[in-house]
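Please look at the sequence and the structure shown here before reading the report.

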Amino acid sequence: MAIRLKTPMKSQQQRLAVAESYLRETVAPNATALDRDPEVLRQALAGLGDRRLLALKVPEAWGGADPETARQFQEMVARYSGALAFLQTQHQSASGMLARSDNEALKQAYLPHLASGDRLLGVGFSQLRRRGTPMVKARPVAGGFAIDGQVPWVTGWGSFSEFIVGAELPDGRALYGVVPFADTQDNGGSVTFSEPMQLAAMQSTQTVIGQLERWFLPAARVVFVKPAGWIHESDRHNVLHHSFFALGCARAGLDIVESARKKKQLPAIAAAWAALDRELNTCRSAIYQRSTQNPAESTGDRQANPSPLTSLQLRAWAIALANRCAHAAVTVSSGAANLSHHPAQRVYREALVFSVSGQTTAVMEATLDRAIGASEVEVAARSHYLT
């Protein structure tokens with residue numbers, strides 16, 4: 001029998017209003033500290049849990065939100081703190097995976113505790129996107145699976161107690177299961193982690209390398225087993241997912257530009273803000289429209305979707321805007337932007353992260369195409385969405 005939350009749910013707009021208030025009043029003033037101090041970041045994450053905002057990707061019956069609300073929330077968090085956005089999305093992704101599992105016992109154990117953050121999980125399966133020899137392998141054994149290999153990226157050391165690892169089975173299928181996010185030895189196997197990597201941005205999120213050696217994953221801890229190539233199909237279907245972080249980052253850059261516009265009263269700043277704000281709103285509208293109509297579209301099939309831009313092109317546009325708005329923030333901040341604690345410097349680094357988060361070869365190619373220059377189809381898109 002499925003568990004249902006006993007506390008009454010707020011309306012989706014109420015939840016966004018609660019999130020906006022918390023992010024604007026508590027998170028934004030401490031964005032620099034969140035970017036540098038893991039403990040301050042953990043406290044901010046706990047604040048989202050106190051407001052039951054940490055499992056928006058699970059079904060609404062479990063305390064989740066509708067897809068539109070979840071997208072707006074992700075964009076909103078990225079506007080006020082890139083580090084918090086990056087950390088919480090690891091848990092949100094793990095929550096969504098657990099909600100889709102057929103392992104009812106595992107769901108019963110976790111789902112009631114995810115929105116509040118009473119149980120926090122990360123993810124470690126980006127290595128499944130890589131071609132060639134698998135970095136993490138799993139083989140069936142009595143009662144479960146034995147896992148060996150190196151997980152190159154696991155974010156949330158010290159914040160999450162567990163993470164969902166991805167490993168390739170001998171027949172090419174992908175195994176996903178819950179493992180400890182702490183140095184652990186058990187049944188002759190081990191899970192160990194490196195020191196946090198020295199990253200150029202969002203160091204406070206504590207990203208480490210995991211090593212599994214003969215780690216026994218019981219069948220009871222298996223989230224699911226997916227067909228070979230499933231993660232690539234999922235990436236194609238969710239190509240716009242990371243666009244909302246880029247949109248939030250772009251708005252963060254424009255917030256800095258707007259502050260400089262009011263302070264310096266220079267026509268050039270006002271003109272730049274107006275132009276970028278108009279373009280950001282146009283790009284945002286196009287992405288939200290595509291997300292609700294046909295988020296999986298990525299080839300530009302005009303019969304399937306009359307939009308002049310594909311989903312990949314829209315994603316690349318959002319990435320470009322995040323970088324351009326962050327660059328504008330640096331420019332209007334002048335020499336002060338070179339200070340490591342300056343907001344423009346932080347947003348500039350966050351744009352770097354959101355440029356490559358969830359990157360696939362197709363997204364890389366679209367981003368590079370966009371970097372070369374605005375294409376004729378984008379010019380057509382601006383005309384399409386502005387009329």
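## Basis and overall count

The model is predicted, and the contents of this report should be read with that in mind. A search over the whole structure finds 18 salt bridges, of which some are described here. In general, side chains of opposite charge can pair when their charged atoms come close.

## Salt bridges within helices

In helix H4, which covers residues 67-80, Arg71 and Glu68 lie 3 residues apart, about one turn of the helix, and their side chains meet in a salt bridge with an N to O distance of 3.7 Å. Arg71 counts as buried because its relative accessibility is 17%, under the 20% cut-off for that class.

Glu258 counts as partly exposed at 23% relative accessibility, whereas Lys262, at 55%, counts as exposed.

## Other charged pairs

The side chains of Arg173 and Asp171 also meet in a salt bridge, with N to O at 2.7 Å. Arg173 is partly exposed at 39% relative accessibility, and Asp171 is likewise partly exposed, with a relative accessible area of 48%. Elsewhere, Glu20, Arg24 and Glu25 are linked in a network of salt bridges.

## Packing of H9 and H10

Two packed helices are described by the angle between their axes and the distance between the axes. Helix H9 (residues 267-293) packs with helix H10 (residues 311-333) at an angle of about 155°, and their axes are 10 Å apart. Because angles over 145 degrees count as roughly antiparallel, H9 and H10 are placed in that class. The crossing in which H9 passes H10 is left-handed.

On the H9 side, the residues in contact include Ile269, Leu276, Leu280, Cys283, Ala286 and Ile287, together with Glu279 and Arg290. They meet a set of residues in H10, among them Leu314, Trp317, Ala318, Leu321, Cys325, Ala328 and Val332, as well as Ser311 and Arg324. Sorted by class, this contact of H9 with H10 has 13 nonpolar, 2 polar and 3 charged residues.

Key: Residues numbered from 1 in each chain as written. Predicted model: local features only at pLDDT ≥ 70, side-chain atom pairs only at ≥ 80, totals over all residues. Heavy atoms only, no water. Salt bridge = Lys/Arg side-chain N within 4 Å of Asp/Glu carboxyl O. Helix = DSSP H or I, 4+ residues; strand = E, 2+ residues; numbered from the N terminus. Buried < 20%, exposed > 50% of the residue type's maximum accessible area, 1.4 Å probe, protein only. Axes fitted to C-alpha atoms, helices over the stretch in contact; angles between N-to-C directions. Parallel < 35°, antiparallel > 145°, perpendicular 65-115°, else oblique. Left-handed = near helix turned anticlockwise from the far one by under 90°. Contact = heavy atoms within 4.5 Å. Nonpolar A, V, L, I, M, F, W, Y, C, P; charged D, E, K, R; others polar.
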